[in-house]
Amino acid sequence: MSLIAITEVKKRFGDNEVLKGISIDVARGEVVAIIGKSGSGKSTLLRCINGLETIDQGSIVVAGAQFLPDEVHLKALRLKVGMIFQQFNLFPHLTAGGNVMLSQMVVKKTPKEDAEAVARKMLDRVGLAHKFDALPDELSGGQQQRVAIARALAMQPIALLCDEITSALDPELVAEVLAVVKELAAEGMTLVMVTHEMRFARDVCSRVVFMHQGRVHEIGAPEDVFANPRTPELRQFLGVQ
Amino acid sequence: MTYQFDFGWLIGSLPVLLKGIRITVQLILIGAVFGVALGIACAWVRALGPKWLKPVVATYVELIRNTPFLIQLFFIFFGLPSLGIRMSELTAANLAMIVNLGAYSCEIIRAGIQATPRGQFEAGASLAMTPFQTFWHVVLVPALQRIWPALSSQIVIVMLGSAVVSQIAAEDLTFAANFIQSRNFRAFETYIVSTLIYLALAILLRQLLAGLGWMLFPRKASR
């Protein structure tokens, strides 16, 4: 059984239908890259999986947690899938450690000492154990994004959603973030990532989804999708003739 | 024309003055703490709260912001007893200041909340926090930090405005000054002294608020 089951999902913003019936199944441990032009609906799809957007039709189920727009179901869903954002979205008034501790204490009611232990472990995992007491302002973009990853991991999700997590970074900082993601993939974390890093998608992902105008246009193993694009839209997107 | 200054009365009037200072300080401390707390609650309602409560808070805020403080004070002290709600001068003064600051600080704090980047709410939500948990743990402190100078000014304004509570015979600093000058007929000197005390209190209050901000909000180690 698939870990994330997306079935016939439709979503519209006013008159604009951005998702026109999307169905994707993600198995445990899979790393799925979603690629496509801006406006193709890839970020919206990702945000729906985390309940940040409502859906108009279809269903999303993550490890038995059905996406329904009420507080109880949203919480259950979000405890299973963590999300990492393009703009990091660290809490500016808390240290790196505080960022990683907060939701553990608030949502899971973890005692402070335990939350701190987890936070130190997670920051160590992303190579930032020494930045526990640093404020987000004092960190580089790449470091902030790694703290954001640690913050999501601290909730022990079974899948992580990455929404263009390297797009706001200076080129020289992209590698350190991707290295962390690669490590997570190697450890068996289920990842769904919207990305523009084609090389990374090719090297690390088990499947690539090409979205076009609100639909899954092509889907397959990276070697197929990148080497033998079947549709003119994907060929154009990849810049191959 | 030469005016002969005489501050000889000062020593004899010291107890009255000190009591006035004590009452004024007490008024502003209680007014600030509960007024800002009320302001935070109202700002939450107006920015993020349940729909049905919004018009209630909006009415309160606009009512207070568009009527004179003195009238609000008279309403509470002289008006409410007609409904059987009676209170001492001091309680009425406290209540009036809380209600007044609550309305003004609501709007200031709301501006701080509404300037919060959407990503902060989304980050809180994605970590399975409820909207209220996100407000309380994520949004509130940076929002207060954003508007802290404006809020501090408003608190000082309310402190200075507290002078009018002498009109319902609450024995604050202005009441004390009026009382003293009616005895010594030295209005000029008496109001010079009380002006200087207000000035000192206001500067002290600003320092206190700046210090509080320094404690509440994180700072870079390098700054």
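Two residues count as in contact if their C-beta atoms, placed from the backbone, lie within 7 Å. With that in hand, take K19 of chain B: leaving aside residues up to four places away in sequence, K19(B) touches E171(B) and A176(B). I will come back to both ends of that contact.

Before that, a word on what we are looking at. This is a predicted model. The model scores ipTM 0.93 and pTM 0.91. For chain B the mean pLDDT is 94, and 98% of the residues of chain B reach 70 or more.

I'll begin with chain B as a whole. The C-alpha atoms of chain B fill a box of roughly 75 × 55 × 30 Å along the principal axes. Of the 223 residues in chain B, 34% are buried. Now look at contacts in chain B between residues at least 6 apart in sequence: 78% of them join residues at least 24 apart.

Back to K19(B). The residue sits in helix α1 of chain B. Is K19(B) buried, exposed or partly exposed? A residue needs 20 or more other C-beta atoms within 10 Å to be buried, and 12 or fewer to be exposed. K19(B) has 15 such neighbours, so K19(B) counts as partly exposed. For a sense of distance, K19(B) and A103(B) are 84 residues apart in sequence and 29 Å apart in space, C-alpha to C-alpha.

One of the buried residues of α7(B) is A176(B), which K19(B) touches. Helix α7 of chain B covers residues 173-184, which is 12 residues. From its first C-alpha to its last, α7(B) reaches 16 Å, close to the 16 Å expected at 1.5 Å a residue. Besides A176(B), the buried residues of α7(B) are L173(B), T174(B), F175(B), A177(B) and I180(B). What do these buried residues pack against? They pack against α1 (10-48) and α8 (187-216) of chain B. After α7(B) comes F185(B), with a positive phi near 55°.

Most residues other than glycine have a negative phi. A128(B) is another residue with a positive value, near 70°. A128(B) lies in the loop between α5 and α6 of chain B. With 24 other C-beta atoms within 10 Å, A128(B) is buried.

Next, what the record says. In an unreviewed entry, UniProt lists residues 27-47, 67-85, 151-170 and 190-217 of chain B as "transmembrane region". How do the first two compare with the model? Residues 27-47 of chain B are 100% helix and 0% strand, with the end C-alpha atoms 29 Å apart. Residues 67-85 of chain B are 58% helix and 0% strand, and there the end C-alpha atoms are 21 Å apart.

Finally, chain A, where we do find strands. Four of them make an open sheet in the order β2-β1-β4-β5, with antiparallel pairing. In the loop between β4 and β5 of chain A is A63(A), with a positive phi near 45°. A63(A) has 19 C-beta neighbours inside 10 Å and therefore counts as partly exposed.

There is also a hairpin in chain A. Strands β9 (residues 207-212) and β10 (residues 215-220) of chain A run antiparallel and are joined by five bridges. F210(A) stands opposite E218(A) in β10(A). Two residues lie between the strands of this hairpin, and Q213(A) there takes a positive phi near 50°.

Key. Residues are numbered from 1 along each chain as its sequence is written. Chains are lettered from A and ligands numbered from 1 in the order in which they are written. This is a predicted model: local features need pLDDT of at least 70, side-chain atom pairs count only at pLDDT 80 or more; totals for chains, interfaces and linings use all residues. Two strands pair if DSSP finds at least two bridges between them. Helices (H or I, at least four residues) and strands (E, at least two) are DSSP runs, numbered from the N terminus. UniProt positions are given in the numbering used here, feature names are shortened, and annotations may be inferred rather than shown by experiment. The expected span of a helix is 1.5 Å times one less than its number of residues. pLDDT is the predictor's confidence in each residue, from 0 to 100.
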